[in-house]
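These are my notebook entries on a structure that I am reading for the reader who meets it here for the opening time. I set down what I looked up, entry by entry.

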Amino acid sequence: MNKEFLIKYIYGIADNALILGQRLGELTGHGPTLEVDIALTNTSLDLFGQVRSYFQYAAQLSDEEITEDDIAFLRTEREYLNVLLVEQPNRDFAFVIGKQFLFDHFHFLLLTELQKSHDQTLVAIAKKSLKEVSYHKRFSSDWIKRLGDGTEESKQKMQTAIDDLWRFTDELFHLTENDKKAIKEGIGVDVSKLKETYYKNVAEVLEEATLDVPELNYFQEGGKKGIHSEHMGYLLTDMQYMQRTYPGMKW
Amino acid sequence: MNKEFLIKYIYGIADNALILGQRLGELTGHGPTLEVDIALTNTSLDLFGQVRSYFQYAAQLSDEEITEDDIAFLRTEREYLNVLLVEQPNRDFAFVIGKQFLFDHFHFLLLTELQKSHDQTLVAIAKKSLKEVSYHKRFSSDWIKRLGDGTEESKQKMQTAIDDLWRFTDELFHLTENDKKAIKEGIGVDVSKLKETYYKNVAEVLEEATLDVPELNYFQEGGKKGIHSEHMGYLLTDMQYMQRTYPGMKW
Amino acid sequence: MSEKEVKNLEEIFDAKIARDEKIEPKDWMPEKYRKTHIRQMSQHAHSEIVGMLPEGNWITRAPSLRRKVALLAKVQDEAGHGLYLYSATETLGVSRDELFEQLHSGKAKYSSIFNYPTITWADIGAIGWLVDGAAIINQVPLCNTSFGPYARAMVRVCKEESFHQRQGYEIMLTLCRGTEEQKQMAQDALNRWWWPSLMMFGPTDDESTHTEQSMKWKLKRKTNDELRQQFIDQTVPQADILGIKVPDEDLKWNEERGHYDFGKINWDEFWQVVKGHGPCNKERLQTRVNAWENGQWVRDAAMAHAEKQAEKKVKQAV
Amino acid sequence: MSEKEVKNLEEIFDAKIARDEKIEPKDWMPEKYRKTHIRQMSQHAHSEIVGMLPEGNWITRAPSLRRKVALLAKVQDEAGHGLYLYSATETLGVSRDELFEQLHSGKAKYSSIFNYPTITWADIGAIGWLVDGAAIINQVPLCNTSFGPYARAMVRVCKEESFHQRQGYEIMLTLCRGTEEQKQMAQDALNRWWWPSLMMFGPTDDESTHTEQSMKWKLKRKTNDELRQQFIDQTVPQADILGIKVPDEDLKWNEERGHYDFGKINWDEFWQVVKGHGPCNKERLQTRVNAWENGQWVRDAAMAHAEKQAEKKVKQAV
């Protein structure tokens with residue numbers, strides 16, 4: 001078996017958790033309440049935990065002598081394969097929750113399917129992660145309802161965030177050439193098939209939250225091919241700083 | 001002659017221009033008017049031009065094979081010797097102007113004195129830079145007056161910025177051990193002697209701007225010893241990104 | 001004015017243009033001429049201003065002091081171009097504030113190329129080489145356009161643009177003569193910027209409006225397709241020198257035509273971006289609006305201060 | 001209540017404390033006891049919350065995934081400690097919002113140590129090792145303090161703190177066993193954090209207020225100077241193992257006393273920071289105030305939503 005496609009497939013999944021976890025990490029200590037601060041930090045922790053499992057596995061598969069940290073910190077921007085959605089900045093709490101919500105619902109469906117992979121390591125990671133992600137999904141959906149069906153101000157802010165972030169949702173369901181190969185090998189998930197359920201589930205929550213479901217006829221893409229938004233570069237300068245500045249050291 | 005102290009003395013001067021120039025570079029394209037955008041970019045350009053002269057000279061003095069870029073981009077945070085004032089973030093336009101104003105008046109006095117140095121290269125750089133800096137000083141002083149004696153809102157914003165930044169002014173006149181050595185060698189400027197004139201000049205502008213001259217009995221320091229504020233680290237992750245990520249390459 | 005008088009003025013006006021004389025702001029001109037010029041010139045000015053953003057994105061991360069200085073100077077030049085062009089447009093009786101309002105509300109357009117992100121340093125090279133290269137081809141003929149202030153502004157703009165273009169090419173050259181990683185970075189930038197650059201010449205001739213009128217007023221001298229061909233013919237050999245490959249499988253020299261044949265342009269993408277749905281349309285406009293709104297109190301203060309000063313002078317004079 | 005009755009209650013109260021029984025929120029307590037506890041416990045809670053900031057500063061830049069996870073978990077624990085401590089304080093009849101208001105207005109204090117900047121990764125190690133180390137010495141006795149909710153909160157806090165302290169020391173150990181550059185980074189952090197850590201035990205005994213009363217209520221068991229000596233005696237050998245040098249020329253083992261002698265603490269600096277003039281006081285407080293103010297609409301929304309839900313339930317029940 002050619003491992004390259006599997007490694008790349010793993011990056012495609014794990015980079016979403018990595019970059020979203022990194023964005024959440026920016027918020028620690030700045031949350032609107034202590035409880036929310038703790039919950040979002042916890043989500044970040046869960047995501048980084050998952051990242052470690054994925055990248056340890058990828059490092060093991062690699063022919064090179066690399067570690068989870070090399071994978072996390074030493075790729076160039078064009079080599080990160082996360083979707084555009086997760087790298088979007090934390091403009092305000094509505095954007096934080098909106099981004100989380102739109103990703104969590106996808107993440108949940110993805111991991112549910114990944115449990116059927118022929119790759120047993122991925123199955124194990126999926127099983128373990130699914131518990132965490134179903135909590136994330138509940139948390140973000142609850143907040144969508146609170147903010148959507150809260151005050152006039154919160155409704156407007158939440159609607160703005162959802163309207164703005166919606167254009168990044170379609171990319172979640174795109175299949176790269178590598179994805180297609182992973183599907184063919186019985187390892188990868190055909191995310192294009194999750195689309196309908198996703199939009200149905202998301203719409204249900206939005207409706208309960210008395211928010212409008214955006215109707216867009218255009219979407220953004222690029223992340224899965226390593227073509228990111230201009231926000232990504234700045235995220236990476238921070239994230240990679242130590243590993244770049246002190247190459248080859250142990251911490 | 002031991003060159004180390006001279007190199008360090010040069011860093012002490014040039015790092016201020018480097019870091020202030022970098023902060024100004026963040027603003028290009030975001031100014032309140034096109035004319036201001038152009039003027040501030042021009043100030044940034046002037047400062048980086050000065051930095052190049054200083055660092056080219058420092059590289060020449062060094063026993064190691066280093067370039068201006070190694071000096072600018074490849075030191076660790078603790079090795080940058082700029083004062084805390086110049087690294088402060090661009091919170092709003094009043095902070096941009098306030099920081100610039102408080103530095104320009106110092107910079108002008110410093111360069112005026114540096115023209116008397118026994119080091120002819122420094123004299124030449126000082127002479128050339130002085131023309132630029134006297135323009136910077138006029139520009140920032142004029143804006144202090146416009147904002148101070150403009151609207152109620154601008155007065156309040158400008159006063160807030162001056163009040164906040166004032167605590168960083170005292171450090172401009174501190175002498176490090178290295179400064180003392182440079183003074184003794186007839187090369188360095190005794191900045192402690194510029195203090196009285198500085199506060200007199202600055203107060204004159206503030207008064208014309210109908211702003212209060214802050215009365216503080218405490219000040220911040222650290223930059224001259226390489227102990228910076230937490231803002232500095234983030235500035236450096238961006239500034240050093242390319243050189244750290246692609247070591248040893250030519251651009 | 002009688003219909004006859006207008007007709008008479010129109011004839012004088014047309015004859016002037018035909019004789020290659022300049023129309024000046026105080027001269028009589030048809031309303032359509034005025035409107036078309038306001039539209040095109042302000043669109044041009046907006047492009048300079050919005051065009052500062054993708055390049056500005058790399059100022060804090062430029063890889064050397066020399067490059068940082070050059071980039072700052074370049075972006076500053078663009079602000080300067082914006083300034084000339086807004087001033088030239090203002091001679092037609094519209095204020096800069098009105099023009100900004102049109103930009104911020106989305107009513108006015110700017111060049112779509114600036115709605116693509118700059119994601120590596122090589123993009124700064126590619127923009128200089130390709131985007132400024134395409135801009136020059138579009139703009140050089142405007143140095144002889146009929147409206148005097150526009151023509152004179154373009155003389156200054158073109159001189160600086162061609163300097164920028166050489167600088168961009170030099171960045172690419174440095175990368176291509178650098179490490180394998182740098183060369184790949186250059187190739188990747190070419191891959192991403194090539195097609196959007198071709199789109200800078202606008203839709204194909206059969207879909208293009210205004211052309212005939214624009215030709216008459218010397219706002220255009222060649223058609224979109226002619227200019228596009230000129231750009232390709234000029235740029236492909238430059239890519240060859242760099243040793244990187246233009247991302248077009250159908251690209252090949254056509255001996256008979258004396259031009260390069262090239263592949264099909266993705267016009268769907270073009271129209272998406274024009275309609276506001278490019279990768280960065282939202283961000284670019286938002287950035288401009290934020291700069292403007294955050295600057296309101298500053299402009300108000302400057303105005304208030306100037307009034308106070310003027311009052312003082314009057315009092316002193318009395 | 002008559003004076004006699006109060007006196008009687010006071011006697012019962014004092015006897016209870018003397019017998020090492022806990023005072024619970026519903027028990028009678030002297031007003032001064034209540035106020036002192038609100039002040040100390042909320043100050044302690046505030047310290048946890050403000051203490052998240054210097055460490056939070058390195059979350060996005062942590063050097064490895066393992067360290068990033070550990071740091072996130074640690075800062076999260078601090079938020080958790082804040083939560084227990086605010087809840088315990090609330091049992092004394094004050095709301096969390098009131099306590100925040102006191103913090104934000106500058107009326108309430110928090111530990112001065114958090115007004116120093118974290119400027120290298122080694123600072124994260126030094127904070128764990130030294131700051132948490134000092135905190136534990138201050139806090140362990142509080143697990144047996146007289147006020148029940150405080151004592152119980154402290155049991156949880158201390159357990160986690162000692163884990164954090166070991167983790168911090170382990171960061172330092174990794175650095176000291178790493179490259180020369182890493183070891184220097186560790187030394188530099190020790191240089192900067194040593195003296196502020198000694199100041200964490202408060203002024204010298206002769207300048208310290210409240211001590212006698214606090215002893216009686218078991219808010220204190222040892223004096224500031226005793227605790228400081230304990231910290232030094234415990235920490236110096238740890239520095240020796242690391243192979244880095246405590247920045248105190250006067251530090252040496254005193255065989256006779258069975259303790260380390262140490263140099264003069266810069267109490268001017270201490271009082272400057274307490275008065276709000278430390279390197280980061282302004283930034284820390286501003287950050288907390290911003291988080292609070294930016295979160296206002298979120299808390300309002302949550303409240304409004306909860307009310308709507310409650311109303312719905314009532315309607316359904318009817």
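Predicted model: local features only at pLDDT ≥ 70, side-chain atom pairs only at ≥ 80, totals over all residues.

**Entry 1**

**Entry 2. Chain C by itself**

I looked up the secondary structure of chain C and found 12 helices and two strands. I then followed the order of the elements from the N terminus, which is α-α-α-α-α-α-α-α-α-β-β-α-α-α. The radius of gyration of chain C is 22 Å, close to the 20 Å that the globule rule gives for 318 residues, so I record chain C as being as compact as a globular protein of that length. Along the principal axes, the C-alpha atoms of chain C fill a box of roughly 75 × 50 × 30 Å.

**Entry 3. Chain B against chain C**

I asked how many residues of chain B are in contact with chain C. The count is 48 residues of chain B, in contact with 47 residues of chain C. The two chains bury about 4000 Å² between them, and carbon and sulfur atoms give 70% of that area. On the side of chain B, Leu34(B), Leu45(B) and Trp251(B) lose the most area to chain C, and together they account for 19% of what that side buries.

I next looked for polar links across this interface. There are 15 residue pairs in polar contact between chain B and chain C, and two salt bridges. I looked up a salt bridge here in which the side chains of Lys308(C) and Asp149(B) meet, at 3.0 Å from N to O.

I also asked which elements of chain B give two or more residues to this side. Among them are helix H1 (3-25), helix H5 (93-114), helix H6 (120-148) and helix H10 (230-245) of chain B. H2(B) gives the most, with 12 residues. By class, the residues of the side of chain B that touches chain C divide into 20 nonpolar, 14 polar and 14 charged.

**Entry 4. Chain B against chain A**

I turned to chain A and found nine residues of chain B in contact with nine residues of chain A. The area buried between chain B and chain A is about 900 Å², with 57% of it from carbon and sulfur atoms. Thr237(B), Tyr241(B) and Arg244(B) supply 49% of the area that chain B buries against chain A, more than any other three residues.

The side of chain B that touches chain A has three nonpolar, four polar and two charged residues.

I then asked what rotation superposes chain B on chain A. A rotation of 180° does so, with 0.0 Å of shift along its axis and an RMSD of 0.0 Å. I record this as the relation of a two-fold axis. The same surface serves both copies, as 100% of the contact residues of chain B recur in chain A.

**Entry 5. Salt bridges over all chains**

I looked up one pair, in which the side chains of Asp149(A) and Lys308(D) meet at 3.0 Å, N to O. This pair crosses between chains: Asp149(A) is in the loop between helix H6 (120-148) and helix H7 (152-165) of chain A, and Lys308(D) is in helix H12 (residues 296-317) of chain D.

Technical notes
Residues numbered from 1 in each chain as written. Chains lettered and ligands numbered in written order. Heavy atoms only, no water. Contact = heavy atoms within 4.5 Å. Buried area = accessible area lost by both parts, 1.4 Å probe. Nonpolar A, V, L, I, M, F, W, Y, C, P; charged D, E, K, R; others polar. Least-squares fit on C-alpha atoms with pLDDT ≥ 70 in both. Helix = DSSP H or I, 4+ residues; strand = E, 2+ residues; numbered from the N terminus. Rg over C-alpha atoms; globule rule 2.2 N^0.38 Å. Salt bridge = Lys/Arg side-chain N within 4 Å of Asp/Glu carboxyl O. Polar contact = N/O pair within 3.5 Å; in protein donor to acceptor, adjacent residues only side chain to side chain.
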